[in-house]
Each structure stands twice: as C-alpha cells, then as structure tokens.
Amino acid sequence: MRSGEPPATRGPRLPYRVRGIFPLLLAIPVIGLAQWLVGDMPFIVYISSIVGVNVILAVSLNIVNGMTGQFSIGHAGFMAVGAYTAGKFSLESKDLVISHLPTTMSDQVLLVVALLIGGSAAAICGFIVGLPSLRLRGDYLAIVTLGFGEIIRVILQNTEAFGRSLGLAGIPQWSSMFMVWLWAFITVLAARRIAGSSHGRSLWAIREDEVAAEAMGVNTTAYKVRAFVISAFFAGIAGGLFAHFVPIINPGSFTFVKSIEVVVMVVAGGLGSTTGAIIASVLLTLLPEGLRSAFTAISGNAEIAQRVDQIRMPIYGLLLVILMLVRPQGLFGTRELWDVLPRWFPRHRRGPA
Amino acid sequence: MADFIQHFINGIAAGTIYALVALGYTMVYGVLKLINFAHGDVMMVGAYVGYGTALRMGPAGRGSFLGATLVFLLSMASCAALGFAIERLAYRPLREKPRLTALITAIGISFTLEYGFQLNFLFLPGAAPRAFPEIIIPTEWLVIGDRDVVLWNWQVLSLAIAVALMVLLQYLVFRTRFGRAMRAVSFDHRIAALMGIPTDRIIAITFMLGSALAAGAGILYAIKDTVVQPLMGLYVGLKAFVAAVIGGIGHVPGAMVGGLLLGLVEEFVVGYTSSSWRDAVAFGFLILILLLRPEGLFGRVTAEKV
C-alpha cells in the first residue's frame with residue numbers, strides 16, 4: 001500500500017473543523033517553545049534557519065521530482081524569484097509601520113506579506129515555465145528547468161532594480177527561527193496532504209506511468225503544472241525567508257549548484273518520501289555547516305573550514321553516483337519514516353492484521 | 001558591415017566548438033537515449049590534459065605542428081579512456097534501470113568532475129584559471145581594411161578540424177560495419193543484441209568516440225579562450241546540448257548545423273546588446289525550439305510507444 005493512504009483511524013476522531021488545522025495548533029507552541037529556548041543564540045538560530053530553508057526547498061522539490069516523477073533541476077531559480085521579490089518588497093516597506101500594532105508585530109505581518117508575494121511570484125514563474133515545458137519528456141524537462149534557472153539568474157544580473165551582480169543588501173532581518181520553521185511545517189503539511197489526496201494519487205499515477213495515467217483519465221499536463229506551481233510557490237517562500245536572514249542576496253546564491261544541492265537532498269532521502277527529504281536535507285545541511293563551524297571554532301583556522309566547503313561539492317556528486325548504483329530508491333524510497341521504522345525495529349509489531 | 005562580418009566570424013568560431021561537443025551528445029543520445037550530462041566536463045578534462053602535455057613539452061610544443069598534433073592526440077586518447085571508464089562504472093550498471101536513474105548519475109559525475117578539479121590535491125589543478133600554452137601561435141590569417149575584420153589562424157583551423165571530424169563521423173556511421181552496428185543499437189539495442197551485435201562494445205566505443213571529440217573541442221576552446229579552468233565545461237556542455245537539440249538530437253549533421261547556428265545567434269545577440277546576456281541566449285533559444293519544433297531542425301517525430 002502506498003504511503004499516501006490515510007492511516008487507519010485510531011482513537012477518538014477530532015471534530016471535522018479542528019482536524020484541518022490541528023497539526024498547526026500543535027506545531028505553533030512547539031516551535032515557539034524552541035524559539036524561546038534557543039532564540040538568543042545567534043549561531044543556532046542561523047544554522048537552524050538554513051536547515052529550515054533547505055527543508056522547505058527539499059520537501060517542495062519532492063512534490064515535483066518525487067511524487068510526480070518529473071525531474072526539475074532549476075529549483076534555485078524559483079528560490080531566487082521569491083528571494084528577490086520578497087526582499088525588494090521588504091526593502092521598500094522597511095520604514096512602514098502598520099497602525100495599531102507594535103513595531104515588531106507590524107514587521108512580522110509585513111514579512112508574511114513579503115513572503116506571500118515572493119511565493120506567488122515564484123508560483124507565477126512556475127506556471128509560465130511549467131505550462132509549455134511539462135509537455136516534454138523527462139530529460140528535456142530537466143534541461144529546460146535548468147535553462148530557466150539560468151535565465152532567471154542572468155535576468156537578475158542585468159536588472160538595475162535588483163542590484164545587478166551586487167545583489168540586494170540591507171534587507172531588514174525580520175526572519176526568525178519561528179518563522180522559518182513555521183513555514184517548513186506548513187510545507188511539510190501541504191506535501192503530506194497532497195500525497196494523501198486524490199490530487200496526489202493522480203501525481204503518483206503520472207510518476208508510475210504517464211501514458212497509463214493519461215489513459216485512465218488523468219489530465220497529466222494539468223496535474224503536472226499544478227504540482228510545479230505548488231512546488232515553485234514554496235521554493236519562493238524559502239527564498240523569501242532566506243533573504244530575510246542573510247545580510248545580502250546576490251545572483252551567486254542561486255546558481256545551478258544550489259539546485260543540485262536540493263536535488264541531492266531529495267534523491268538521497270528517496271524520491272517521493274517527504275520524511276526522507278526532511279531527514280536528508282537536515283543531515284546534508286548540518287554535516288558541512290557543523291564541520292565547518294567546528295573546525296573554525298577549534299583551530300580558529302579558516303583554511304581548514306574552507307577546505308571542508310570545497311570538498312563538499314565533489315562529495316555531493318559522488319554521493320549521487322553511488323546512491324544511484326547502490327540504492328537508487330534513496331533512504332526511504334517512496335515510503336515515509338513511519339512505514340520504515342516498524343521494519344527496522346520490529347519489536348512492537350502486533351499480531352496478524 | 002565590418003562589424004557584422006567580424007561577429008559572423010566569431011560566431012562561426014564559437015559554433016564549431018559547440019558543434020564538436022554536440023556531436024558527442026548526439027552520438028551518445030543516439031545509442032543510449034541518455035543525456036550525458038558529464039560530456040562538457042569530459043571536454044574540460046581534455047583541455048586540462050592538453051594543458052599538462054603542452055606544459056611538459058615546454059618551448060618545443062609552441063607553434064610546432066608535431067607538438068600540437070601530439071597535444072591533440074594525447075588529450076583525445078585520455079578522454080576516450082575517461083569516457084570508457086565513466087560508461088563502464090556509472091552507466092552500464094544502470095542500463096536497464098529507469099532513465100531517471102542514469103540522468104541523476106550523469107549529473108553526479110558532472111558535479112564530481114567540476115568540483116573535484118577545483119581541489120588542490122594530488123594531481124588536481126585547483127580552482128584558479130591557468131593560462132593555456134600557445135600550442136598554435138595566433139596569427140592573423142586574413143585582415144580586411146584597417147583591422148576592421150580579423151580572421152585568426154586558429155579560427156580557420158578549428159572550423160577545418162570540426163568539419164573534418166564531422167565528415168569522418170558521417171562516414172563512420174553510414175559507411176562502415178561499426179556504423180551499421182551503431183545504428184542498429186540506436187534503433188533497438190535488445191533486438192540488436194539478438195542479431196549478434198556486441199551492444200556493450202558498440203556503446204563503449206561510441207562513448208569513447210564522443211569523449212575524444214569533446215577533448216578536441218576542449219583544446220580548441222582553450223586556444224580560443226587562452227585559459228583552462230574547472231568550470232569551463234559546464235556552460236559549453238549545456239550549450240552544446242542545446243545545439244544538439246536544435247539540430248535534432250541523434251542526427252550527426254544536425255548537431256553541426258545546430259552548433260554553428262547557436263554560435264552565430266549567441267554572438268550576434270551578445271555583439272549587439274551586452275555580453276552579460278550570453279548565458280541566457282542559448283537557453284532562451286532552447287525553450288523556443290522545444291516549443292515550436294521539439295524534434296529539432298532535422299529530427300523525426302517519434303510517437304511514444306506503450
């Protein structure tokens with residue numbers, strides 16, 4: 001049975017209205033608590049923000065690459081669109097304060113608005129790219145998405161309003177760990193809800209066999225474009241968040257390399273597995289960042305830290321090759337963590353179902 | 001007018017290099033239906049081997065015909081070996097797997113080569129660009145007016161080499177036993193195997209041929225650019241792929257025409273606007289082609305069989 005199946009109902013069911021937002025009600029205090037605990041440690045906040053952004057990117061890319069089986073390698077392009085649009089909006093509205101609200105609150109509201117604008121801009125780009133190119137088969141689509149990402153970068157590099165190659169500086173640093181992880185949670189929730197819905201089933205069908213799906217009455221192009229737009233929206237959100245906690249964004253942050261990084265996370269986690277994408281992105285972000293900071297902290301020698309950064313890229317490449325040769329389904333395949341755990345730790349297994 | 005002619009010459013010169021790399025893409029795609037993402041990086045390795053060889057030869061290698069030939073041959077041979085190794089280790093085990101798997105592997109290899117060559121470790125050269133020795137002393141082959149239009153000897157040479165290689169390839173594919181076997185594998189490799197064609201060997205040789213062509217292109221590119229650097233293959237590879245698609249992927253003369261066309265379009269757009277748009281031109285062109293004529297200029301439409 002596919003992981004997208006809703007689990008058999010256990011225990012008392014929640015009222016219909018609460019069930020929809022129940023996970024959020026649960027998540028907000030938890031993330032808030034985490035923010036309260038480590039919020040005054042800038043290093044941890046920074047690292048966890050990076051991790052959160054990568055989780056959003058990986059989980060959103062997984063909707064296209066994993067669930068729908070379309071291979072997009074231009075995710076950084078959508079991220080760039082989101083980052084620049086949201087960043088530009090915040091730069092323009094930096095001095096605004098919404099009346100009747102304290103400054104910090106007003107800033108957060110503006111941040112959410114900026115993120116939504118950035119996400120929508122990215123989604124529109126996703127639509128523009130997706131509509132024509134998703135009629136193409138796998139490898140062509142890969143190249144077109146790659147080309148699209150590059151075109152975005154070149155356009156940013158040539159636009160005066162976006163600071164050309166220098167990028168945008170001075171974007172207000174409104175983002176917080178809470179904001180990043182809230183959005184990460186929303187992304188995961190959306191991805192899981194899609195996977196379990198009839199919409200998701202169509203996506204899985206397209207992934208397994210496009211021709212067969214078409215024959216069963218799935219409007220493949222429409223579903224693919226929709227998946228693409230949703231994925232682009234969250235990539236834009238990730239970009240917007242990113243723009244609000246790094247001091248400067250420039251086209252160099254959104255190259256092909258960034259796209260491949262996200263692809264590696266999705267592939268390593270297992271194409272189609274949301275929890276796999278989460279775990280892989282957390283690990284693949286923490287390892288190099290952690291090693292780098294650890295080396296810098298211990299020896300105070302920036303050179304070793306730099307070396308770690310250098311060696312990361314060839315290792316990503318090798319990791320892809322080795323994964324494909326040894327375990328092409330990635331960490332979890334299309335399954336989720338809770339499908340895999342009982343098999344790894346079989347002691348809680350109940351009697352025959 | 002002089003401007004126009006100069007851009008035309010530069011465009012053809014850039015186009016020949018795209019064309020040579022595109023030939024490799026098209027051949028590999030023809031037999032394996034795989035976009036060999038690492039092809040541009042094989043070209044980069046070829047340029048580095050050429051750089052190393054020319055450096056070892058010292059002044060003897062500068063501008064001598066024998067030296068240049070040696071540089072070309074050595075680099076093509078080592079890239080053929082690299083191509084063989086990549087095919088054997090990374091692509092062959094995945095041949096019966098879904099195509100996405102091979103595509104991901106190809107991206108992985110490309111990434112490994114690009115960033116592996118940026119390390120300073122053992123024989124690896126490091127990220128800094130290196131000046132390529134002048135194995136061909138650049139001289140003006142043809143000058144019109146008061147240096148309004150300059151045609152360099154290496155531009156003529158690279159066009160000549162590219163055309164010669166293409167003719168050779170065309171002969172190989174359509175007039176030899178090997179070529180017939182290659183076309184059979186490209187048509188259907190399972191049936192070809194049943195007919196007694198050693199498909200594995202044919203595919204390996206195709207890879208080696210394509211990689212050798214890429215090495216030649218790499219040296220020509222290094223002569224044109226005067227430097228070698230680890231990321232040089234990234235964009236050339238992608239653009240050459242675009243060229244192959246424009247010509248109709250799998251079609252040998254198509255790749256040549258596509259390469260020249262792309263070189264010209266790029267040069268004209270860059271020449272009359274700004275050089276910072278260079279990298280966007282090819283991809284814009286690609287998207288246009290895929291929308292209007294996805295099978296390319298010379299390709300045939302193939303229906304997807306169930």
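This is a predicted model: local features need pLDDT of at least 70, side-chain atom pairs count only at pLDDT 80 or more; totals for chains, interfaces and linings use all residues.
Trainee: What makes chain B as compact as a globular protein of its length?
Mentor: Start with its make-up, which is eleven helices and four strands. The radius of gyration of chain B is 19 Å, close to the 19 Å that the globule rule gives for 306 residues, so chain B is as compact as a globular protein of that length. Its C-alpha atoms fill a box of roughly 65 × 45 × 35 Å along the principal axes.

Trainee: How many of the residues of chain B count as buried?
Mentor: Of the 306 residues, 53% do. To count as buried, a residue needs 20 or more other C-beta atoms within 10 Å of its own. As for contacts in chain B between residues at least 6 apart in sequence, 74% of them join residues at least 24 apart.

Trainee: Why are H6(A) and H9(A) called roughly antiparallel?
Mentor: The axes of helix H6 (residues 177-196) and helix H9 (residues 220-243) of chain A cross at roughly 170 degrees and come within 11 Å. Angles over 145 degrees count as roughly antiparallel, and therefore H6(A) and H9(A) are given that description.

Trainee: Which residues meet where H6(A) and H9(A) touch?
Mentor: From H6(A) come Met179(A), Val180(A), Trp183(A) and Thr187(A), and from H9(A) come Phe234(A), Ile237(A) and Leu241(A). The residues of this contact divide into six nonpolar, one polar and no charged.

Trainee: Thr221(A) is also found in helix H9 of chain A. Why is Thr221(A) called partly exposed?
Mentor: Thr221(A) has 15 other C-beta atoms within 10 Å. A residue is buried at 20 or more and exposed at 12 or fewer, and partly exposed in between, so Thr221(A) is partly exposed.

Trainee: How do you know that chain A touches chain B, and which helix supplies the largest share of the chain A side?
Mentor: 32 residues of chain A are in contact with 34 residues of chain B. Helices H4 (103-133), H5 (138-158), H10 (256-269) and H12 (302-326) of chain A each supply at least two residues of the touching side. The largest share, 13 residues, comes from H5(A). By type, the residues on the chain A side divide into 23 nonpolar, seven polar and two charged.

Trainee: What makes the phi of Lys33(B) worth a remark?
Mentor: Most residues other than glycine have a negative phi. Lys33(B) has a phi near 55 degrees, a positive value in a residue other than glycine. Lys33(B) sits in the loop between helix H1 (2-32) and helix H2 (39-57) of chain B. Thr226(B) also has a positive phi, of about 65 degrees, although it is not a glycine. Thr226(B) lies in the loop between helix H8 (199-225) and strand S4 (227-228) of chain B.

Trainee: Are Lys33(B) and Thr226(B) exposed or partly exposed?
Mentor: Lys33(B) has 14 other C-beta atoms within 10 Å, so Lys33(B) is partly exposed. Thr226(B) has 12, and 12 or fewer counts as exposed, so Thr226(B) is exposed.

Trainee: How do you know that S2(B) and S3(B) pair?
Mentor: Two strands pair if there are at least two bridges between them. Strand S2 (residues 140-144) and strand S3 (residues 149-152) of chain B have four bridges, in the antiparallel sense. Leu142(B) has Leu151(B) in S3(B) as its bridge partner. The two strands form a hairpin with four residues between them, and in the turn Gly145(B) has a positive phi of about 65 degrees.

Note on methods. Residues are numbered from 1 along each chain as its sequence is written. Chains are lettered from A and ligands numbered from 1 in the order in which they are written. The radius of gyration is taken over C-alpha atoms; the globule rule is 2.2 Å times the number of residues to the power 0.38. Two residues are in contact if their C-beta atoms, placed from the backbone, lie within 7 Å. Axes are lines fitted to C-alpha atoms, for helices over the stretch in contact, and angles run from 0 to 180 degrees between N-to-C directions. Angles under 35 degrees count as roughly parallel, over 145 as roughly antiparallel, 65 to 115 as roughly perpendicular and the rest as oblique. Ala, Val, Leu, Ile, Met, Phe, Trp, Tyr, Cys and Pro count as nonpolar, Asp, Glu, Lys and Arg as charged, and the others, Gly among them, as polar.
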